[in-house]
Amino acid sequence: MDITHEYVLGITELCGDFYITHIKDGSYIFKFIIYHNDIQLLYAIKKIFKSGRVINNVNSKFFILNADINTVIKFFTKHKLKTKTIRLKYERWVYLYTNIIQHPENLKNEKCKKRVLRRLRYFGVHINNFKI
């Protein structure tokens, strides 16, 4: 099954999401997920991103979890999301990825740390779970 980049954008806007998970060891996991019940479609999306995995969850819905965040960022930088809600969520996700993962020194500066915490709150992340 071959699909276009526009099709991936549409599926992402309908069934996609961007998550941040904080683990007990103090690290963060950034996830790009598409929930869909068509496994062939998800494998075609995986092929476009050249990474990730397709998993069957307990509700018999499949989802793709993209492991290479930089590939996701490059894709959505080149192919802009149109829907305001998912686009803003993606932009916040990228902002946090940049400030937490790529530049952890930002968390040492108190002013930057407060700005990141505000963004986390705006992103809907439960601050109590975070050890910044």
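Asp17 is buried, at 15% relative accessibility, where buried means under 20% relative accessible area, exposed over 50% and partly exposed in between (1.4 Å probe, protein chains only). The model is a predicted one, in which local features need pLDDT of at least 70 and side-chain atom pairs count only at pLDDT 80 or more, while totals for chains, interfaces and linings use all residues. Residues are numbered from 1 along each chain as its sequence is written, and side-chain values use heavy atoms, with hydrogens and water left out.

**Salt bridges**

The whole structure holds 2 salt bridges, a salt bridge being a side-chain nitrogen of Lys or Arg within 4 Å of a carboxyl oxygen of Asp or Glu. Asp17 pairs with Lys89 in one of them. Lys89 is partly exposed, at 23% relative accessibility.

An α-helix has 3.6 residues a turn, so residues three or four places apart point the same way. Glu91 is partly exposed at 41% relative accessibility, and Arg87 is partly exposed at 27%.

| Salt bridge | Closest N and O atoms |
|---|---|
| Asp17 – Lys89 | 2.8 Å |

**Chain layout**

The chain has 5 helices and 4 strands. Helices (H or I, at least four residues) and strands (E, at least two) are DSSP runs, numbered from the N terminus. Read from the N terminus, the order of elements is α-β-β-α-β-β-α-α-α. Of the 132 residues in the chain, 42% are buried.

Helix H3 covers residues 69–78, and its buried residues include Ile69, Val72, Ile73, Phe75 and Phe76. Seen down the axis of H3, the buried residues fall within an arc of 165°, so they line one face of the helix; the arc is that of the directions from the helix axis to the C-beta atoms. Lys74 and Lys78 are exposed and sit on the face of H3 turned away from its buried side.

Phe49 belongs to helix H2 (residues 39–49). Its relative accessible area is 1%, so Phe49 counts as buried. Phe49 and Phe75 are 26 residues apart along the chain, and their C-alpha atoms are separated by 7.9 Å.

Lys50 is in the loop between H2 and strand S3 (53–56). Lys50 is exposed, at 74% relative accessibility. The phi of Lys50 is near 60°, a positive value in a residue other than glycine. Most residues other than glycine have a negative phi.

**Positive patch**

Lys111, Lys114, Arg115, Arg118 and Arg119 form a positive surface patch. Patches are made of residues with over 30% relative accessible area and no salt bridge, with like charges joined within 9 Å and nonpolar side chains (Val, Leu, Ile, Met, Phe, Trp, Tyr) within 5 Å. The place of a charge is taken as NZ of Lys, CZ of Arg, CG of Asp or CD of Glu. Arg119 lies in helix H5 (residues 110–123). At 33% relative accessibility, Arg119 is partly exposed.

Notes: Areas by Shrake-Rupley, 256 points an atom, 1.4 Å probe, with all protein chains shown as cover. Lys, Arg positive; Asp, Glu negative; His and termini not counted.
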